[in-house]
Amino acid sequence: MREQNRQGLRSSARHQGARRRRALHAAAGVAVGVMTLAALAPPAASASSRPDAVQQSMNALVRDDGMPAALASVKDRDGRTRTYTAGLGNLATVAPVPVDGQVRIGSNTKTFVAVVVLQLVAEGRMDLDADVDTYLPGLVRGEGIDGRHIRVRHLLQQTSGLPNYSNYLGDDVRYYTPRELLGTALKHPAEFAPGKSWKYSNTNYVLAGLIVQKVTGRPLAEQIDRRIIKPIGLRHTYFPAPGDAGIREPHPHGYYRESADAPLRDITEIDPSWGWAAGQMISTNSDLNRFFTALLAGRLLPSAQLAQMRSTVPAEATFGPGSRYGLGLVSRPLPCGGLSWGHGGSFPGYETRGGATDDGRAASVAVTLQLTDEAGRRNLERVVDTALCR
C-alpha cells in the first residue's frame, strides 16, 4: 500500500494509518537473533569486480540502513532487465535472497484497482463524476460524510476527505471484511469537504473496490486477475484469497521491529485482509515493472482514461518534493530530468518503491522491513532514481 501513513498500508509514514505495534508484535512469532550489519552486508568488491551504482546503493540499504534484505529489478529503454539482491532472505537460516522473489506490494495495489475502475469507465459502466450513492446508495454516511457528495474521481485521487480506517483498527490481527474496514472509517468525522483538499486515505480504495464489485457483480480479485494480471502476463502477481496468510512462491522473509533497539521479528505470514483494495496484493519487482510499463504504453487503458489517470494534484506532503497524485498513480521528478510514474507500497515486513518512464525505463526496489522514518524512505527512493537515471 507507499502504500500508508503514508504508504504502508496501515500508516507507514508514507501512506497509511497507525501502526498497531502491539498487534504486529503478537503476530510476529519468534524474534530473530540480532545480527551485526557486517553479517548482513555483502563483502567489499575488489577494484576489478566493483558493483555498479545500483548494486552499491542496494548494498548501502543493508549496510547503512539496517535492511535485512533488498532486491530490485531494473529495465532499460531497450528492454534489457537486470536483477539485484543484497543481504539475507532469511535471517534464521542465513538463506540468500531469492532473485526477483515475491513480496507484499502494499499500496501498489491501488494502481491496479484504479485501472479496473477506469476500464469500467471506458466501457460505459461507471462514471468518474458520478457520486458514490449512484453505486452504493445510502452506504456512506457519517459526521460530515455523505456519499451523495463524494465522486468516484475523489476516491481515486484521494480528495474525498474520508478518514483513514487504518488509523483506527486497534490491535486485532484477524480477518476483516471490506465493509468492516469502511465501517471503522465512518465512525470518525470527515477530514474536509470532498474536492476541497488532498489527503491520503486507504478508505478511498476500499470504497472503490466495493463499487467495482457492485458494478461487475464479481469479486475484486477476479476482476484484477481477468483484466490486468492475465492479459499482460504477470505470472507472479496475485490477490491473496481470504485466509491466505503466506506467500506462494520463493520470497525473502519480512521483518518487524518494535523499536530501534528491539530485535527483528519474522512477520512474513500475516492476514492481509485489513489492506484489501488498498494494499493486499503480492508481486515481484519484475512484474511491477511490466505492469507500470504496460500501463504507460496504453496497453491497459484507452488514451482518454490514461490521460485522466495522469491528471495530477500536489502530493508532496506524502510522497516527497515535486510529487503529484493522479488517479491511483504518482509522478515524481527524476534528478536526471523528466518524471517517473508509479506508486509504491508499504506493508508489515516489506516496503516497495519504483517507477516507469514514458521512454520505457522501469525500476522497482523492495526491502524486507517496513520503513518508519523519512530518511529510510528517501534512501530507498534514491536507489530507484539511480536505476532510472543510469
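Is Gln158 buried or exposed? Gln158 is buried, because its relative accessible area is 0%; buried means under 20% relative accessible area, exposed over 50%, and partly exposed in between (1.4 Å probe, protein chains only).

## Basis of the model

This is a predicted model, in which local features need pLDDT of at least 70, side-chain atom pairs count only at pLDDT 80 or more, and totals for chains, interfaces and linings use all residues. Residues are numbered from 1 along each chain as its sequence is written, and side-chain values use heavy atoms, with hydrogens and water left out.

## Two residues with positive phi

Most residues other than glycine have a negative phi, and most peptide bonds are trans. Gln158 is not a glycine, yet its phi is positive, near 65 degrees. Gln158 lies in the loop between α5 and α6. Helices (H or I, at least four residues) and strands (E, at least two) are DSSP runs, numbered from the N terminus.

Asp100 also has a positive phi, of about 55 degrees, although it is not a glycine. Asp100 is found in the loop between β2 (81-87) and β3 (103-104). With a relative accessible area of 19%, Asp100 is buried.

## His154 and Asn204

His154 belongs to helix α5 (residues 152-157). At 11% relative accessibility, His154 counts as buried. Neighbours within four places in sequence aside, His154 is in contact with His149, Thr159, Ser160, Pro194, Gly195 and Asn204. Contact means heavy atoms within 4.5 Å.

Asn204 sits in helix α7 and counts as buried at 1% relative accessibility. Again leaving aside neighbours within four places in sequence, Asn204 is in contact with His154, Leu155, Gln158, Ser160, Leu162 and Lys199. Gln158, the residue of the opening question, is therefore one of these partners as well as a residue with 0% relative accessible area. Asn204 and Arg153 are 51 residues apart along the chain, and their C-alpha atoms are separated by 10.0 Å.

## Helices α6 and α7

Two packed helices are described by the angle between their axes and the distance between the axes. For helix α6 (residues 178-186) and helix α7 (residues 202-216), the axes come within 10 Å and cross at roughly 140 degrees. Axes are lines fitted to C-alpha atoms, for helices over the stretch in contact, and angles run from 0 to 180 degrees between N-to-C directions. α6 and α7 are therefore oblique to each other; angles under 35 degrees count as roughly parallel, over 145 as roughly antiparallel, 65 to 115 as roughly perpendicular and the rest as oblique. The crossing of α6 and α7 is left-handed, a term used if the near helix is turned anticlockwise from the far one by less than a right angle, with clockwise being right-handed.

On the α6 side, Pro178, Arg179, Leu181, Leu182 and Ala185 meet Thr203, Val206, Leu207 and Leu210 of α7. Seven residues of this contact are nonpolar, one is polar and one is charged. Ala, Val, Leu, Ile, Met, Phe, Trp, Tyr, Cys and Pro count as nonpolar, Asp, Glu, Lys and Arg as charged, and the others, Gly among them, as polar. The buried residues of α6 are Pro178, Leu181, Leu182, Thr184, Ala185 and Leu186. They pack against β4 (141-142), β5 (145-146), α7 and α9 (276-279).

## Helices α4 and α8

Helix α4 (residues 108-122) packs with helix α8 (residues 220-229) at an angle of about 75 degrees, and their axes are 10 Å apart. The two helices are therefore roughly perpendicular to each other. From α4, Phe112, Val113, Val115, Val116, Gln119 and Leu120 take part in the contact, and from α8, Leu220, Gln223, Ile224, Arg227 and Ile228. Eight of the contact residues are nonpolar, two are polar and one is charged.

## The disulfide

A disulfide is a covalent bond between the sulfur atoms of two cysteines. The structure holds one disulfide, counted as a pair of cysteine sulfur atoms within 2.5 Å. Cys336 and Cys389 form it, with their sulfur atoms 2.0 Å apart. The torsion about the S-S bond is about -70 degrees, so the disulfide is left-handed.

The pair links distant parts of the chain, 53 residues apart: Cys336 is in the loop between β11 (330-333) and β12 (339-342), and Cys389 is in the segment after α13 (374-388). Cys336 is partly exposed, with a relative accessible area of 42%. Cys389 also counts as partly exposed, at 26% relative accessibility.
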